[in-house]
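Please read these points beside the structure. They go from the whole chain to one helix and then to some charged pairs.

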Amino acid sequence: MNDAIVIIGGGPAGLFCALQAAGEGRDVVLFEKKPAPARKLLIAGSGQCNITHDGDIAGFFSRYGDHESFLRPALLNFTNRDLIAFFADRGLLMQAEPGGKVFPETRRSADVLAVLLAECSARGVAIRCNEAVVDVGRDGDGFLVRTEKAAVRAGVLVLATGGASYPATGSTGDGYAFARALGQPVAAPAPALAPVYVEDYPFADLAGISFEEITLAVYRDGKRVRQHTGDLLLTHTGLSGPGILDASRYILPGDVLRVTFLPGANPETVRRLVADAVMAGGARQAKTVLCDLTLPERFVRRLLDIAGVPPGETCARLPKKARNALVASLAEFPFGVARLGGLDEAMVTRGGVALEGINRKTMASRIVPNLYCIGEVLDIDGDTGGYNLQAAFSTAALAARHIAGLHTPR
């Protein structure tokens, strides 16, 4: 093939696709507008790079909202085990935490990037940094890619530009404009894995208190539209933590989140448990009885305050109204959603290149011949815990496999 395989975007998806597609006379050129590639990768997992998750790959399928069926071929083609083996074979071992998150043993995102760059170099990939792509267009059966410095004819074009979250790292939604220019449909981007800001928030001074494996339900116009279980963190302005971040893809301003503050229990179970504990408390302080339910003392004090109960009040002296208020608060505490964190706070982007326009078995466009879309530029957002990086590597590997198969010199 005379024309280059051009990849736009030097994040993990772009780099991995480049090194996988290179070889056998294939000319691979990667354009990155920043001075160095993969700035967002370097901050992943607070710089420690939670690269994937442990367990069987089948456990990944439900971790991408409503898009699990689209990702199945990519995940099965290049699994978490394949990803771990790729780095291990190059001297960078991975380590799984008890919760399942997988990190490099060195705990350095920079070491992950170093392996990717070394492989790109060894396989002859031309990485052109500080060279932003400004325009893409069809050119016969290929593409003309214009940068700030040059114009390159591409036989294959891969959009790996990422989403629109953390724009300071270079993810500014450029790929959406390129896709639209080529006739590829794009779903409106919005923040995902974002914190929730709460109206009339009563726990601002309790920031840092967290709850594990609790249930939260999303209500819209008085009807429950989603239910989710996960960890929750109280912040100065609202709610965060893995459970909230994962559920944020389903939350809109104006929704009400009803949180059940005891782990592994539904609201009715909590109502019964708390009511029984208080009724049996007798001369014991209500605060002590509630803390015995493994609730943080400062949080209990605030709930008592909200219910109008003096700090030292005994269970026997609790008015029925106050007892019912405490039960309701622990079973289904309502938080009115003011807004979600914006793209500058969101870990990933929902929306992007519409999945119905992409062949899930190849990552090739169904509309534009020789166009591929991979990684976060697609309308895919996974849960926290390494699922988004795995999707980036898996979609990149699947696209590269198809590109290499079609364009092997004869």
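1. How many helices and strands does the secondary structure of the protein come to? The count is 12 helices and 18 strands, taken as DSSP runs (H or I of at least four residues for helices, E of at least two for strands) and numbered from the N terminus. The model is predicted, with local features needing pLDDT of at least 70 and side-chain atom pairs pLDDT 80 or more, while totals for chains, interfaces and linings use all residues. Residues are numbered from 1 along each chain as its sequence is written, and side-chain values use heavy atoms, without hydrogens and water.

2. The C-alpha trace spans about 85 × 45 × 35 Å along its principal axes. Of the 410 residues, 56% are buried; buried means under 20% relative accessible area, exposed over 50%, and partly exposed in between (1.4 Å probe, protein chains only). Among contacts (heavy atoms within 4.5 Å) with a separation of 6 or more, 72% are between residues 24 or more positions apart.

3. Helix H10 covers residues 297-306, and its buried residues are Phe299, Val300, Arg302, Leu303 and Leu304. These residues pack against strands S12 (210-220), S13 (223-234) and S16 (333-340), and against helices H9 (286-291) and H11 (320-332). After H10 comes glycine 308, with a positive phi near 75 degrees.

4. Side chains of opposite charge can pair when their charged atoms come close. The whole structure holds 24 salt bridges, each defined as a side-chain nitrogen of Lys or Arg within 4 Å of a carboxyl oxygen of Asp or Glu. One of them joins aspartate 174 to lysine 33, with the closest N and O atoms 2.8 Å apart. Because aspartate 174 lies in helix H6 (residues 174-181) and lysine 33 in the loop between strand S2 (28-31) and helix H2 (39-42), the pair ties together parts 141 residues apart in sequence. Aspartate 174 is partly exposed at 26% relative accessibility, and lysine 33 is partly exposed at 29%.

5. Is lysine 287 buried or exposed? Lysine 287 counts as buried, at 16% relative accessibility, whereas glutamate 297 is partly exposed at 39%. The two form a salt bridge whose closest N and O atoms are 3.5 Å apart. The pair links glutamate 297 in helix H10 with lysine 287 in helix H9, 10 residues apart.

6. Aspartate 292 and arginine 284 also meet in a salt bridge, at 2.6 Å from N to O. Aspartate 292 is partly exposed, with a relative accessible area of 47%, and arginine 284 is partly exposed at 40%.
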